[in-house]
Amino acid sequence: MADTDTIRTVVGIIGNVISFFLFLSPGPTFVKILKAKSVMEFKPDPYIATVLNCAVWVFYGMPFVHPDSLLVITINGFGLAIELLYVSIFFIYSDWSKRQKIIIALIIEAIFMAILIFVTLTFLHGTKDRSMLIGIVAIVFNIIMYTSPLTVMKKVITTKSVKYMPFYLSLANFANGIVWACYALLKFDPYILIPNGLGSLSGLVQLILFATFYRTTNWDEDEKEVELSTSKSNKSDV
């Protein structure tokens, strides 16, 4: 019979695979943005929030903060890179007012991470204390990442349309939360369990909304909007 550490490693690898697809799941959204050369009504909030979330978790997984967390580092390192790519695409195809907000948000996140790293390495000298501080911070920002789609969810309810709430992102959020919650339970880690338990709940709510408003969504407008945005972009290039 496999021991707990082996099972935890297997679950962690499964979690890495699901998280990998979670980070790639917005792909269709960015294909639309690239085709239209416009962000249309899509919002960068979830991706900006995820940049900071991944950065905090990479730091949490470092051996001098929380030993035996290599799987946490690998997936969040990949996530950090792909989310920065998404934010870059948003920046390129947004107007100046939206670009300013993205720049300000990223500067604030960079300053915050610098302060967090400095305080942790300067004033905390044991992995137990470091894990507690970074773990609490990670919980907060993981919750922010999972709740960042609330702005999109509000739009879904008011418009009765799920056009701007990517289904695969919601599904991946739900599955990701479930698997990492199981990972945390095998070798009890409240810092991973709490946010991912809430994340699975957030993903479930999004899936329920998708099922509820799928039929009332006017999908035909999607192609028209891309064509209109492309036409405007072409005119501006002339």
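Read along its sequence, the protein follows the pattern α-α-α-α-α-α-α-α-α-α, which comes to ten helices and zero strands. Helices (H or I, at least four residues) and strands (E, at least two) are DSSP runs, numbered from the N terminus. The model is predicted: local features need pLDDT of at least 70, side-chain atom pairs count only at pLDDT 80 or more, and totals for chains, interfaces and linings use all residues. Residues are numbered from 1 along each chain as its sequence is written, and side-chain values use heavy atoms, with hydrogens and water left out.

Of the 238 residues, 45% count as buried, that is, under 20% relative accessible area with a 1.4 Å probe, protein chains only. Among contacts (heavy atoms within 4.5 Å) with a separation of 6 or more, 80% are accounted for by residues 24 or more positions apart.

Two packed helices are described by the angle between their axes and the distance between the axes. The axes of H1 (residues 4-24) and H4 (residues 70-92) come within 10 Å and cross at roughly 0°; these axes are lines fitted to C-alpha atoms over the stretch in contact, and angles run from 0 to 180 degrees between N-to-C directions. H1 and H4 are therefore roughly parallel to each other, the term for angles under 35 degrees. In this pairing, residues of H1 including Gly12, Asn16 and Phe20 meet a set in H4 that includes Ile75, Gly79 and Glu83.

Ile115 lies in helix H5 (residues 96-123).

Technical notes
Buried < 20%, exposed > 50% of the residue type's maximum accessible area, 1.4 Å probe, protein only. Parallel < 35°, antiparallel > 145°, perpendicular 65-115°, else oblique.
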